[in-house]
Amino acid sequence: MERDALDFGKTNVTRLFIKLFVPTLLGLLFGALFNLADGIFVGRGVGSDALAAVNIAAPPFLLATGLALMFGSGVSVVAAIHLSHGNKKAASINVTQALTASVTLMSIVSLFIFIFPEPTARLFGGNDRLMSLVLDYMLWILPALLGCMVTFIGMFVIRLDGSPKYAMMCEIVPSIINIILDYVCIFPLAMGIKGAAIATSTAQMQQFINQGLQPEPLHCGSVQYPCRQMMMEHDDESHRYERITEICDAFNKTFSSSTELNALT
């Protein structure tokens, strides 16, 4: 799918609002359907105890969503301000900082849940009757937490890039995939609540891949995901090691860039 390439500086405000509002609304509706699908299929295909387990295991996913919305909305505003002043490098630094900080925080939370699954489940209200179901769902949903952080922030960045329709498709396609996988894993494969969690994690990773496969680099007027920009500069297999080194250097420089950022602003 081609990029929308909206021009925020020249497009009529009313037309610009419609072009942003409609795809964003549809994307949010399908995003809500993404979260509802597990409850519907688990309740119908596994039972009431499994549905209760899904709700008990929900707080980590809600935390990931909340953090992602916080970082995503914040960085989109700050980056837009920098772009309006022509500070593209400052905007790119802000996007990298938001991605790095959010993924780091969620990695710590995910690691804690992985190391202490039963105490975490009891903290959320799990009891002996539901414990096995809660653990089955909560542990298999962990990969989706990190994917959620990157994709939610990515949605804001893609819209800021002038591509609301592409952002919408990045939410619609995974939602449909999640519904299909939920049905397949719960009914034909009889994987139970674990199947619902695997379906959600798989669909979330597919959403992450969708963003990485955008037809053109994210310019964000032109903010680019720094690691993706560098990877596109070196397509030759012989440069793979240098590419990885550059990516690591970019993230190392992110947290030491406050002085440079102040100079740019």
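Which side chains does a polar contact of 3.0 Å join? The notes below begin with that contact, after a word on the model.

This is a predicted model, in which local features need pLDDT of at least 70 and side-chain atom pairs count only at pLDDT 80 or more, while totals for chains, interfaces and linings use all residues. Residues are numbered from 1 along each chain as its sequence is written, and side-chain values use heavy atoms, with hydrogens and water left out.

1. The polar contact. The side chains joined at 3.0 Å are those of His 82 and Asn 94. A polar contact is a pair of N or O atoms within 3.5 Å; within protein, one must be able to donate a hydrogen and the other to accept it, and residues adjacent in sequence count only if both atoms are side-chain atoms. His 82 belongs to helix H3 (residues 58-84). Helices here are DSSP runs (H or I, at least four residues), numbered from the N terminus. His 82 is buried, at a relative accessible area of 10%. Buried means under 20% relative accessible area, exposed over 50%, and partly exposed in between (1.4 Å probe, protein chains only).

2. Side chains of opposite charge can pair when their charged atoms come close. A salt bridge is counted when a side-chain nitrogen of Lys or Arg lies within 4 Å of a carboxyl oxygen of Asp or Glu. The structure has four of them. In one, Glu 118 pairs with Arg 122, with 3.3 Å between the closest N and O atoms. These two residues are four apart in helix H5 (residues 117-123), so about one helical turn separates them. Glu 118 is partly exposed at 38%, and Arg 122 is partly exposed at 38%.

3. Asp 128 is exposed, with 62% relative accessibility.

4. A bridge between helices. Glu 171 and Arg 159 form a salt bridge at 3.2 Å, N to O. Glu 171 is in helix H7 (residues 164-186) and Arg 159 is in helix H6 (residues 131-160), so the pair ties together parts twelve residues apart in sequence. Glu 171 is buried at 9%, and Arg 159 is buried at 14%.

5. Aromatic pairs. Rings of Phe, Tyr and Trp (its six-membered ring) pair if their centres lie within 6.5 Å; planes under 30 degrees apart count as stacked, over 60 as edge-to-face and the rest as tilted. The count comes to four aromatic pairs. Among them, Phe 112 and Phe 116 are tilted, at 5.2 Å centre to centre and 50 degrees between the planes. Phe 112 is partly exposed at 47%, and Phe 116 is partly exposed at 41%. Tyr 183 and Phe 187 form another tilted pair, at 5.4 Å and 35 degrees. Phe 41, Tyr 183 and Phe 187 make up one aromatic cluster.

6. A nonpolar patch. Phe 17, Ile 18, Phe 21, Val 22, Leu 25, Leu 26 and Leu 29 form a nonpolar surface patch with about 640 Å² of accessible area together. Such patches are made of residues with over 30% relative accessible area and no salt bridge, nonpolar side chains (Val, Leu, Ile, Met, Phe, Trp, Tyr) being joined within 5 Å and like charges within 9 Å. Areas come from the Shrake-Rupley method with a 1.4 Å probe; for residues, only the protein chains shown count as cover. Leu 26 is in helix H1 (residues 13-45) and is partly exposed at 35%.
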